[in-house]
Structures are given as C-alpha cells and as structure tokens.
Amino acid sequence: MRFVNTVAVVTGGGSGIGRATAIRLAQEGATVVLVGRTAAKLEETVQDITRLGAPGTADRFAADVTDREQVRALAAYVQNQYGDLHVLVNNAGISTHTKWLELTEQEWDDVQRVNIKSVFLVSQTLAPLMIEGAKRERSNRAIVNVASLSGHQAGAHIPHYSAAKAGVINLTKSLALELAPYGIRVNSVSPGFVETPLTERGLQNERFVKAIERNTALGRVGAPEEIANVIAFLASSEASYMTGSDVLVDGGWLIK
Ligand code: NAP
C-alpha cells in the first residue's frame, strides 16, 4: 500500500504497460487518472481496476498528449477534481517499423511527437501542480518516463523510435536536475521486449519470438506487469534517493 493518499496520472493507461501500471498503483491505494485518446480503452482499465476490488480508484480523461490545449485541459481537470498531483507516468508511445530510405517525414514527426514531445508537454504543464503540492506538504512526488531498450541500443528500421527514446533518457536527467529543488524525483524505465498491443504484430512472427528468446538472458518476452512493478518502485518513496536514473528492464538482452 505504497500509494495511499496519492494522486497519479498515467498516460497511455488504456492498454499494455500503462494499463498494468495503473492497476498496480490502484492496487496499492492510488487515485489514478488514466489518459489516452481512446475513451473505450480507458474505460476498460477503469473496469479492470473496479473488478479487481483495488483499494484505490480509477478515473479517466481522454486526451491527446501531443496537443498542448488538451494537456492544459487535463491539468485543469486534475487540479479541479483532486487539487494535487504526486505521481506522473509518461508512458504513451507509438512505433513503426520502416526502412530508412522509406521513412516519411510524417512518420518521423508522429513518433517524435508522441514519444518525446509529449514528455515535454505533459511534464511542463503538470509540474506546477506537483510543485504547488510540494510547497503545501512534504510527501513523495515523482515522474517516471517510459523510455526503451531502443534508447540504449539503436535498431535498424526504428531510427525515429530509437532517437526519440534516447532523447527521453536524457530529457529525464535534465528534468531531474530542474525538479530536484522541489523534492520531485524524475527517473525513466527502459523496457525490453514486452507483450502488449504495440508488439502484438511482431510477436505473431515465430522467428522473431525465437530470436528474442535466444538473445535474452532470461530466455523470454516480458509481461507488462514486470515493467509496471519497476515503474511503481520508482514512483514510490522506496526510491527516495533515486533521481535522473534509467532502469533497464530487458530480461538481460543488453548483457547477452
Ligand atoms: P500500447 O499498448 O500500444 O500502449 C501505448 C498507449 O499510448 C496506448 O494506450 C495509446 O492509447 C497511448 N497513446 C498513443 N498515442 C497517444 C497520444 N497521442 N495521446 C495519448 N495517448 C496516446 O504499447 P505499450 O507497449 O504498452 O507501450 C507503452 C510504452 O512502453 C510506450 O512508450 C512504448 O514505447 C514503451 N515500450 C514498449 C515496449 C514493448 O515491448 N511493448 C518496449 C520498450 C518500450 P490511444 O491510442 O488510445 O491514445
């Protein structure tokens, strides 16, 4: 029960790692506001949390995290409904798999917007809420950004994604320096291959799965809950002396 009296925003909370994170936080007492573009997916996560009888509560706010006005509306909603914000998980992300010579400018821009610009927009717009809260009461406050193994090890056919995620790892460090004076910690998590809607198509290819199993020390693809556990740790006061760090959760891909 690490998140009692904690208001948390999880972007991309309607599926995959974001959904697992929202459930984890609510299971430990948090009031979680799920953010994503598709209201029905957010609603499914809310239903999951209710069905599990989690002690926390779940709320949803449909918004595109790349749109400043919609992010401002999110901040106003959190302020009006809850009056504070303790935890922000910047998890929304997209990717495509395209050869360098075929990569369009639109694809490049879309991937940069969702994976890194959103971290700038959401963190900058919601940080004042966290800072005001920190001035009122000394309590655990943290931002966790979801980067990627691809931010450490660039991959062919995902240069736009690899570049964005490497940027997220470094942006995390700058933000950690700027927000430390307010007692707000900022860290990132870099997942390896995890079974979610994002990887669904790739994981239908048996040869791809076998290659992951062969090249991962633990010999398997990860589950969203295994990333959510680390996000929850970084968001909690157990990580009180951690800021500006990136935690690789890749089943031992990079060491192999
Ligand atoms: P996912 O299930 O596709 O989740 C991504 C979520 O982001 C979706 O719920 C999507 O909902 C939301 N989203 C996308 N664009 C958005 C926008 N413009 N505004 C608001 N929400 C938006 O995939 P996932 O694997 O859980 O991905 C979560 C994070 O983990 C991403 O940052 C991804 O890059 C990272 N990651 C995943 C893996 C992996 O193997 N799965 C590995 C490394 C890193 P809507 O479409 O409804 O908006």
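Student: Which residue of β6 does Val146 stand opposite?

Tutor: This is a predicted model, where local features need pLDDT of at least 70, side-chain atom pairs count only at pLDDT 80 or more, and totals for chains, interfaces and linings use all residues. Residues are numbered from 1 along each chain as its sequence is written, and side-chain values use heavy atoms, with hydrogens and water left out. Strands here are DSSP runs of E, at least two residues long, and helices are runs of H or I, at least four, numbered from the N terminus. The residue opposite Val146 is Val189.

Student: How many bridges join β5 to β6?

Tutor: Two strands pair if DSSP finds at least two bridges between them. Strand β5 covers residues 141-146 and runs parallel to β6. β5, helix α5 (residues 159-179) and β6 also make a right-handed β-α-β unit; right-handed means that, with the strands pointing away from the viewer, the path from the first strand over the helix to the second runs clockwise. The number of bridges joining β5 to β6 is 6.

Student: Which residue of β7 stands opposite Ser190?

Tutor: β6 is also joined to strand β7 (residues 246-249). The two run parallel, with 4 bridges. Opposite Ser190 stands Leu248.

Student: Why is β6 largely enclosed by the rest of the structure?

Tutor: Buried means under 20% relative accessible area, exposed over 50%, and partly exposed in between, using a 1.4 Å probe and protein chains only. Ile184, Val186, Ser188 and Ser190 point one way from β6, while Arg185, Asn187, Val189 and Pro191 point the other way. β6 is largely enclosed because its buried residues number 8 of the 8.

Student: Which side chain meets Glu238 in a salt bridge?

Tutor: A salt bridge puts a side-chain nitrogen of Lys or Arg within 4 Å of a carboxyl oxygen of Asp or Glu. For Glu238 the N to O distance is 2.6 Å. The pair links distant parts of the chain, 236 residues apart. Glu238's partner is Arg2.

Student: Is Glu238 buried or exposed?

Tutor: Glu238 lies in the loop between α7 (224-235) and β7. Its relative accessible area is 53%. Arg2 is partly exposed, at 29%. Glu238 is exposed.

Student: What is the distance between the closest N and O atoms of Asp48 and Arg51?

Tutor: Both residues lie in helix α2, 3 residues apart, about one turn of the helix. Asp48 is buried at 17%, whereas Arg51 is exposed at 62%. Their closest N and O atoms are apart by 2.4 Å.
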